[in-house]
Amino acid sequence: MLSNLSYTRPHGEDLLRRLGEPRRFIQVITGARQVGKTTLITQVAEKTGLPYRYASADEPTLRGSEWIAQQWDAARLLERDAGDDGALLILDEVQKAPNWSEAVKRLWDEDTRSRRRLKVVLSGSTQLLIGRGLTESLAGRFELLHVPHWSFLEMRTAFGWSLEQFLFYGAYPGAAPLMGEPARWSRYIRDSLIETTIARDVLLLSRVDKPALLRRLFELGCAYSGQILSYSKMLGQLHDAGNTTTLAHYLDLLGVAGMLGGLQKYAGAAVRRRSSSPKFQVYNTALMTAGSGLTFAQARTDREFWGRLVESAVGAHLVNSAAGGSCEVFYWRDRHREVDFVVRAGRSVMAVEVKSGRTGRNPAGMTDFADAFHPIRSLLIGGDGIAVEEFLSKPVEHWINA
């Protein structure tokens, strides 16, 4: 299991460096469920050598601001008896405690005035849900560190996975030991990851008037990952009389939860980008395969499905980087010509086309896009271009800044 791994994610070095500095900011760690946030934080806490207190608000009993104050007071006792470097308080899934941000602000400001040396790490499953309290109450008091889904390189380093295994089984380290039991692996992804995220991170903390519609939208998006679908067509597929605004909102919630996003069309005007039909994109290919009904062997022989899996893995690599703020990801289409992904970082634009074996692709899309938008580079992934394994083994910044 993940808790027994000696492997430490690269983000841990960044957090360790920050905690080694004088007390300046609250460290806020965000990311989807089961990407290893808690393990990373506790590994780093052990490496700091500081006395620390860990507590989680992710419990059936609703936590309140009083609970935060109790944990904080216990950590203050550790700080009082610690050396000059102080002590550390870790509050996991803190956004599930009502009025958490106001309580944290009050306690942090009290410690600042009293010159206490208590350092604080907060973590949450979704950036938007934890971000509301941050922007409303904790402005100027925090630093954000986003922990994305595991990359191919991390899964290969920790588990020795091949590219094909990564494409099919995705990037949930907790599910890796179940790879040899396909039915059990699939149930784990569906029950412990998908349903738990929807029920406890989306429905519990956001207003969703049609939870059944949100679940069906998620299933549709996973089945159509890598494909562009208008909202009106979605409603037809979902057999629902709802409106497109509702679907767009639900898709945003699923994206914030690190599960399923809707890429917008790249264009010169932001209004046109927002009004475009979205391109479904999973954040982890396990979300596609767990509900597909296909075994690994069956998926390998299904050329169309495997092609979408390859394209979705490339897209997941890009959107996980975008979730950390390093870039933005779009698609581009003009009539029947299309570019799979458009990556923008600052003023730099890069076009990415995936040669995955899928049928019906028009190769002229990259040329037309280059003529219209003049990207710094156009990358072909797969086929006679850059190997999929090589592309997934390097951070997105490498390809933008190369």
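## Cores, ring pairs and selected residues in a predicted model

The largest nonpolar core has 77 residues, and I189, L217, F218, L287 and F391 are those with the most contacts inside it. A nonpolar core here is a set of buried Ala, Val, Leu, Ile, Met, Phe, Trp, Tyr and Cys residues joined through side-chain atoms within 4.5 Å. Buried means under 20% relative accessible area, exposed means over 50%, and partly exposed is in between (1.4 Å probe, protein chains only). Helix α15 (residues 303–323) gives the most to this core, with eight residues. A second, separate core of 24 residues includes I68, A75, V94 and W100. Helices (H or I, at least four residues) and strands (E, at least two) are DSSP runs, numbered from the N terminus.

This is a predicted model, in which local features need pLDDT of at least 70 and side-chain atom pairs count only at pLDDT 80 or more, while totals for chains, interfaces and linings use all residues. Residues are numbered from 1 along each chain as its sequence is written, and side-chain values use heavy atoms, with hydrogens and water left out.

F391 touches V314, H317, L318, L379, I381, I386 and W399, not counting residues up to four places away in sequence. Contact means heavy atoms within 4.5 Å.

### Aromatic rings

The whole structure holds 17 aromatic pairs. Rings of Phe, Tyr and Trp (its six-membered ring) pair if their centres lie within 6.5 Å; planes under 30 degrees apart count as stacked, over 60 as edge-to-face and the rest as tilted. In one of the pairs, W332 and F369, the ring centres are 5.5 Å apart and the planes stand at 65 degrees, so the pair is edge-to-face. W332 belongs to strand β8 (residues 328–334) and F369 to helix α16 (residues 365–373), so this pair ties together parts that are 37 residues apart in sequence. Both W332 and F369 are buried.

A cluster linked by ring pairs is made up of W150, F159, W161, F168, Y169, W185, F296 and W306. The ring of W306 also has the charged end of R300 over it, 4.4 Å from its centre. Elsewhere, R23 lies over the face of W108, at 3.5 Å from the ring centre. A charge sits over a ring if NZ of Lys or CZ of Arg is within 6 Å of the ring centre and within 35 degrees of the ring normal.

### Strands β6 and β7

Strand β6 (residues 260–263) and β7 run antiparallel and are joined by four bridges. Two strands pair if DSSP finds at least two bridges between them. G262 stands opposite F280 in β7. In a regular strand the side chains alternate between the two faces of the sheet. Strand β7 (residues 279–282) is covered on both faces: K279 and Q281 on one side and F280 and V282 on the other are all buried.

H146 lies in strand β5 (residues 142–146) and is buried, with a relative accessible area of 17%. The side chains of H146 and T30 are joined by a polar contact of 3.2 Å. A polar contact is a pair of N or O atoms within 3.5 Å; within protein, one must be able to donate a hydrogen and the other to accept it, and residues adjacent in sequence count only if both atoms are side-chain atoms. From C-alpha to C-alpha, H146 and R156 are 21 Å apart in space, and they are ten residues apart in sequence.

S393 is placed in the loop between α17 (388–392) and α18 (396–401). At 18% relative accessibility, S393 counts as buried. The side chain of S393 reaches the backbone oxygen of E389 at 2.6 Å. S393 also touches F152, L153 and R156, not counting residues up to four places away in sequence.

K210 is found in the loop between α8 (182–203) and α9 (211–223), where K210 is partly exposed with a relative accessible area of 33%. With residues up to four places away in sequence not counted, K210 touches D240, G242 and Y250. K210 and Y169 are 41 residues apart in sequence and 30 Å apart in space, C-alpha to C-alpha.

### Positive phi values

Two loop residues other than glycine with positive phi are listed below.
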